[in-house]
Amino acid sequence: MIPSFRRAATALVVALAVAAPARSSADSAPSPTDTALWDTLWSRLRALPADRRPRVGLVLSGGGARGLAHIGVLKVLEREKVPVDLIVGTSVGALVGALYASGIPAGQIENLSVESGWSQLTDLSAARVVRLLVTERLLSTQKMEAYLTAHIGDKKFADLKTDFACVAADLRTGEQIVLREGSVALAARASATMPGIFEPVPFRHRLLVDGGIVDNVPTDVAKRLGVDLLICVYTPADFSRHTVTNVLGTLTQALYIQGQVISEERLGLADFVVRPEVSEVGAMELWRSRECVEAGQRAAESAWPELRRRLVEKFFDRWLAGPTLPGASK
């Protein structure tokens, strides 16, 4: 006999399907009645144990300072208690993803982003850039690794609270390298090391640089690692609004132009895409962190009604395929 809760939920979903036409994320928000019904289902289904619900993946794109918008999206997902089972990040997405996967709350990561600048993450300075141009000696991201270690400890991937992977590129071969073992801080640093400015990061027999070169939106990696529903946070730039005035800006913009072209085809693998409006923020403008976080939060809150609907539908499909819910009466 069908459990009473399942029977009631089935009736609710059927009523919703009959009463409400399908909507895309671009359409208007659900009516108050719809919202109440979806809230009821969501509050029950999100409490399911991991083996009784879909595996939810989250992809965080690269984008330099624009990627700080990921933090605002995480704040909303955390508030709504969305169970994230896997995080895959590239570049800044790897840095934010590493912090969150280690168990640091999104609000605390926001505070760290406000306090951080390039001087905390690299040896970037005017004098160092002059040295780069004159002597061709690249700068270093060792501070980035030390910064991450100071906040998450010397964690290995197996120690993280949430499954995590990040993407780097092999400078010698151009291969996509998916990092899932060893030091988390080293891996995230490698994923965020821009070539042409910073020294490649040695990893075993490879020299690793920013993953945005080969996979700025690693939805393909998340799919290979196995997820039932994939959420992607994408922070592209509008390059027509950026004035490039120096060598550093030219190098970073060239990197992100290449990554953005690859990204568009990767987005089709995601079940849901959140696009914070940060397109006019320059990749190096870390001082605009609060602005980017707020843009991410606005985008996630706007997308939440439709995202919740997608989650409930996917959870419900998985739930119907499984055994009786714990505690449900017959």
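Analyst: Let us begin with confidence: pLDDT is the predictor's confidence in each residue, on a scale from 0 to 100. Helices are DSSP runs of H or I with at least four residues, strands are DSSP runs of E with at least two, and both are numbered from the N terminus. This is a predicted model, in which local features need a pLDDT of at least 70 and side-chain atom pairs count only at 80 or more, while totals for chains, interfaces and linings use all residues. Residues are numbered from 1 along each chain as its sequence is written, and side-chain values use heavy atoms, with hydrogens and water left out.

User: Which elements have the lowest and the highest mean pLDDT?

Analyst: Helix 7 (residues 126-135) has the lowest mean, 44, whereas strand 1 (residues 56-60) has the highest, 98. Over residues 122-135 the pLDDT is below 50, although the model still gives this stretch 25 contacts (heavy atoms within 4.5 Å) beyond near neighbours in sequence. For the protein chain, the mean pLDDT is 80, and 72% of the residues reach 70 or more. The chain has twelve helices and eight strands.

User: Why is W42 called buried?

Analyst: A residue is buried under 20% relative accessible area, exposed over 50%, and partly exposed in between, using a 1.4 Å probe and protein chains only. W42 has a relative accessibility of 2%, so W42 counts as buried. W304, with a relative accessible area of 7%, is buried for that reason too. Across the protein chain, 55% of the 330 residues count as buried.

User: What makes the pair of W42 and W304 edge-to-face?

Analyst: A pair of aromatic rings is described by the distance of the centres and the angle of the planes. Rings of Phe, Tyr and Trp (its six-membered ring) pair if their centres lie within 6.5 Å, and the pair is stacked if the planes are under 30 degrees apart, edge-to-face if they are over 60, and tilted otherwise. The structure holds three aromatic pairs. In one of them, the ring centres of W42 and W304 are 5.7 Å apart and the planes stand at 70 degrees, so this pair is edge-to-face. Because W42 lies in helix 2 (residues 32-45) and W304 in helix 12, the pair ties together parts that are 262 residues apart in sequence.

User: What makes the pair of W42 and F315 tilted?

Analyst: The centres of W42 and F315 are 5.6 Å apart, and the 55 degrees between the planes make the pair tilted. F315 lies in helix 12, so this pair ties helix 2 to a part 273 residues away in sequence. Ring pairs link W42, W304 and F315 into a cluster.

User: Which residues touch the most other members of the largest nonpolar core?

Analyst: A nonpolar core is a set of buried Ala, Val, Leu, Ile, Met, Phe, Trp, Tyr and Cys residues joined through side-chain atoms within 4.5 Å. The largest core has 69 residues, and those touching the most other members are L58, I87, F157, F164, L179 and L311. Helix 12 (residues 289-321) gives the most to this core, with twelve residues. Leaving out residues up to four places away in sequence, L311 touches W42, V56, V82, L229 and W304.

User: How do you know that R79 and E301 meet in a salt bridge?

Analyst: A salt bridge needs a side-chain nitrogen of Lys or Arg within 4 Å of a carboxyl oxygen of Asp or Glu. Between R79 and E301 the N to O distance is 2.9 Å, and the side chains meet in a salt bridge. R79 is in helix 3 and E301 in helix 12, 222 residues apart, and the pair links distant parts of the chain. With a relative accessible area of 43%, R79 is partly exposed, and E301, at 35%, also counts as partly exposed. By this rule the structure has 21 salt bridges.

User: Why is H205 called exposed?

Analyst: H205 has 61% relative accessibility, and therefore counts as exposed. H205 is in the loop between strand 5 (201-203) and strand 6 (206-210).

User: How do you know that helix 3 is mostly covered?

Analyst: Eight of the eleven residues of helix 3 (residues 69-79) are buried, among them A69, H70, I71 and G72.
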